[in-house]
Each structure stands twice: as structure tokens, then as C-alpha cells.
Amino acid sequence: MTSLKRPPSSLASRAPSGKPERGASRRMDDRALLLRRFRYGESSLVVHALTPRHGRVAILAKGAYRPKSGYYGVLDLFDTLELEWSQAPRSELGTLRAAR
């Protein structure tokens with residue numbers, strides 16, 4: 001009986017050619033202090049946060065101003081939160097996945 005080994009995590013998001021897939025985003029999480037926030041469009045919010053591992057990051061919270069949004073009462077200025085976001089390799093603006 002042969003056992004199948006999983007590829008190392010560094011190869012998990014690679015195309016068969018061995019190159020990283022185009023547009024593959026990284027998931028990151030860290031504690032953060034919210035420094036600044038401003039509206040983006042009708043219902044979204046851009047947040048600038050300071051994190052110990054990633055430094056200052058800019059994150060887009062889609063639908064943050066919707067009443068049923070999970071971010072509606074969470075993203076307050078100068079609050080310390082646990083954030084989880086994804087970011088494309090060459091992008092300066094990440095997308096918020098969770099805030100606690």
C-alpha cells in the first residue's frame with residue numbers, strides 16, 4: 001500500500017510549471033491598532049492599521065456600512081483588534097476577511 005504525500009505548502013499555490021499562480025493572494029492575520037479609516041464608495045471602508053509583523057497596512061472592508069455587516073460596530077479608531085485579511089502579491093490594498 002502506497003501513501004500519497006501532500007506537496008509542501010510552498011508548492012501548494014504553484015502552477016504545474018512550478019511558477020506561482022498569477023493573482024494568488026496570501027492570507028494574513030495579526031493584531032492591529034486602527035490608525036485611520038475612511039469611506040470608499042457607498043458601503044465600503046478603507047482602514048489603515050499598524051501591526052507588529054506587517055507594519056502599516058491598508059485594508060478594504062467591503063460592505064462595512066451595511067447594517068448587517070460583521071464590521072459595522074467593530075472597526076473603531078484606535079481600537080486593538082485581531083484582523084484577518086488577504087492580499088495579492090503586488091497590491092498595496094488588502095481585503096478584510098475577519099475582524100474580532
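Colleague: Which residue in strand 5 is the bridge partner of Ile-59?

Modeller: Strands are DSSP runs of E with at least two residues, numbered from the N terminus, and two of them pair if DSSP finds at least two bridges between them. Here the partner of Ile-59 in strand 5 is Gly-94, and Leu-60 is bridged to Thr-95 of that strand. This is a predicted model, in which local features need pLDDT of at least 70 and side-chain atom pairs count only at pLDDT 80 or more, while totals for chains, interfaces and linings use all residues. Residues are numbered from 1 along each chain as its sequence is written, and side-chain values use heavy atoms, with hydrogens and water left out.

Colleague: How many bridges join strand 3 to strand 5, and how many join strand 4 to strand 5?

Modeller: Strand 3 (residues 55-61) and strand 5 (residues 93-99) run parallel and are joined by three bridges. Strand 4 (residues 80-87) runs antiparallel to strand 5, with four bridges between them; Trp-85, for example, has Leu-96 as its partner in strand 5. Strands 4 and 5 form a hairpin, with five residues between them.

Colleague: In what order do the strands close into a barrel?

Modeller: The five strands close in the order 1-2-3-5-4, with mixed pairing. Neighbouring strands of this sheet are turned by 55° against each other on average, direction ignored; the axes behind such angles are lines fitted to C-alpha atoms, and angles run from 0 to 180 degrees between N-to-C directions. The chain has zero helices.

Colleague: Is strand 5 mostly covered or uncovered?

Modeller: A residue is buried if its relative accessible area is under 20%, with a 1.4 Å probe and protein chains only. Strand 5 is mostly covered, as five of its seven residues are buried. Over the 100 residues of the protein chain, the buried share is 32%.

Colleague: Which residues touch the most other members of the largest nonpolar core?

Modeller: A nonpolar core is a set of buried Ala, Val, Leu, Ile, Met, Phe, Trp, Tyr and Cys residues joined through side-chain atoms within 4.5 Å. Among the 17 residues of the largest one, these are Leu-34, Ala-61, Tyr-71, Leu-75, Leu-83 and Leu-96. Leaving aside neighbours within four places in sequence, Leu-83 is in contact (heavy atoms within 4.5 Å) with residues including Met-28, Ala-49, Ile-59 and Leu-96.

Terms used: Buried means under 20% relative accessible area, exposed over 50%, partly exposed in between (1.4 Å probe, protein chains only).
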